[in-house]
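Biologist: I am new to this structure and would like to go through it with you step by step. Could you show it to me before I begin with my questions?

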Amino acid sequence: MGYTYHLPKERDPLGCNYIEWETEVIDFMEYRKNMKILVATEKPFAKKALDGITEILQAAGYEVALLEKYTEKEQLIEAVKDVDGLIVRSDKVTAEVIEAAEQLKIVVRAGAGFDNVDLEAASARDIVVMNTPGQNSNAVAELALAMMIYMSRNRFTPGTGMELLGKTVGIHAYGNVGRLVARKAKALGMNVIAYDPFVTDNALFENDGVEQVGTIEELYAGSDFLSLHIPATDATRKSIGYKLMMSMPKGATLVNTARKEVIDEIGLEAAMTERTDLKYVTDIAPDDVATMTAMFGNRFFATPKKMGAETAEANINAGLAAARQIVGYFEKGECRFQVNKKPCGCK
Ligand SMILES: NC(=O)c1ccc[n+]([C@@H]2O[C@H](COP(=O)([O-])OP(=O)(O)OC[C@H]3O[C@@H](n4cnc5c(N)ncnc54)[C@H](O)[C@@H]3O)[C@@H](O)[C@H]2O)c1
């Protein structure tokens with residue numbers, strides 16, 4: 001079947017307004033047969049997830065290529081050369097990778113955070129970048145709660161621990177993961193307070209029985225446990241450090257399942273040195289992990305490798321969603337989960 005495509009030829013420098021177009025008639029079924037989607041995962045998907053991804057993409061008529069457990073960025077650069085779509089996990093899709101991928105039209109990050117993809121480089125080439133929000137949130141939320149219990153019980157070493165019941169947990173950012181942590185914490189009998197200036201629907205907090213606080217300072221000062229769920233952005237990088245940690249109640253624990261970049265490590269170390277009651281547990285090892293392990297003993301723990309989304313369920317959910325989103329984009333122009341600038345024609 002022939003489809004008439006209006007392809008952008010030249011656009012104004014401000015973005016999505018194309019000033020010149022060219023028309024091309026494409027036999028879409030034929031065109032699709034030649035499309036190649038690469039699944040590039042340094043940390044591979046579970047087999048069930050990969051089987052599902054392959055099935056969805058092949059059923060839609062695409063060729064599927066696989067690059068797993070690669071160790072050098074050159075391998076990724078080589079593999080993307082002739083692909084139309086790319087599915088990654090935490091893999092780094094740098095400007096160099098994007099430049100090498102001459103046919104690339106879409107990158108889907110199977111997961112929530114997308115700071116591993118150079119959005120600017122992708123947008124400059126009109127490549128759509130999406131994430132798969134919510135698909136691994138439950139896995140991360142369960143880990144956050146597990147980390148609270150682990151630290152409260154002295155990392156399962158002998159000694160008197162502390163219960164979560166009746167303690168206050170502060171949720172920093174009320175997105176997909178934060179909300180689930182809040183609901184699970186309520187079920188454990190904790191008081192929950194939260195701060196997210198971008199959530200304007202107060203009913204969301206009210207329905208969860210969560211008290212919304214007005215400032216970040218109020219949040220930290222009132223939290224026995226602080227569960228971090230902010231993304232790493234220019235505004236949040238290194239934003240959690242000495243001052244906020246020092247304001248926390250006696251015996252407080254900072255739980256980080258978000259990103260290491262949001263922590264000011266020097267400030268955190270200074271606060272934990274001065275306040276020997278403070279604890280830090282993280283799913284994303286700090287740059288200074290060896291020093292922190294030596295300095296803080298049982299008050300500090302970092303998972304050896306990021307494991308928040310490492311459940312079979314999350315793997316499958318995120319992988320299948322990524323494959324479906326690629327099909328939805330190519331077939332219907334769907335870009336609901338697009339995270340970079342929208343090119344013209346994107347619904
Ligand atoms: N450990 C892991 O394996 C793992 C897995 C998934 C997600 N994550 C990380 O968890 C974090 C949250 O994921 P999510 O799925 O809940 O994301 P999300 O996009 O659903 O929610 C993010 C929330 O952050 C809020 N926010 C943004 N900037 C803020 C700021 N300056 N102050 C306060 N709130 C702010 C937004 O309003 C939004 O509600 C992300 O950083 C993500 O990268 C980690």
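Biologist: Which residue in β9 does Val-169 stand opposite?

Modeller: This is a predicted model, in which local features need pLDDT of at least 70, side-chain atom pairs count only at pLDDT 80 or more, and totals for chains, interfaces and linings use all residues. Residues are numbered from 1 along each chain as its sequence is written. Strand β8 (residues 168-172) and strand β9 (residues 191-195) run parallel and are joined by five bridges, where strands are DSSP runs of E with at least two residues, helices are runs of H or I with at least four, and both are numbered from the N terminus. In β9, the residue opposite Val-169 is Val-192.

Biologist: Which strands are the edge strands of the open sheet of seven strands?

Modeller: The order in this sheet is β10-β9-β8-β11-β12-β13-β14, with parallel pairing, and two strands count as paired if DSSP finds at least two bridges between them. The strands that pair on one side only are the edge strands, β10 (211-212) and β14 (300-302).

Biologist: At about what angle does α6 run to β12?

Modeller: Helix α6 lies across β11 (225-228), β12 (253-256), β13 (279-282) and β14, with contact taken as C-beta atoms, placed from the backbone, within 7 Å. Axes are lines fitted to C-alpha atoms, for helices over the stretch in contact, and angles run from 0 to 180 degrees between N-to-C directions. On that basis, the angle of α6 to β12 is about 150 degrees.

Biologist: What is the average twist from one strand to the next in the open sheet of five strands?

Modeller: That sheet has the order β4-β3-β5-β6-β7 with parallel pairing, and its edge strands, β4 and β7 (128-131), each pair on one side only. From one strand to the next, the twist averages 15 degrees.

Biologist: Which residue of β4 is the bridge partner of Ile-37?

Modeller: Strand β3 (residues 36-41) runs parallel to strand β4 (residues 63-68), and six bridges join them. In β4, the bridge partner of Ile-37 is Val-64.

Biologist: Which helix gives the most residues to the shell around the ligand?

Modeller: The ligand is surrounded by 29 residues, counted as near if the C-beta atom, placed from the backbone, lies within 6 Å, and Gly-113 and Phe-198 are among the closest. Domain 1 (2-135 + 311-332) and domain 2 (137-302) each supply at least three residues of this shell, with domain bounds from an automatic or database domain assignment. Both α6 (137-152) and α7 (176-187) supply at least two residues. With three residues, the helix that gives the most is α7.

How values were computed: Two residues are in contact if their C-beta atoms, placed from the backbone, lie within 7 Å.
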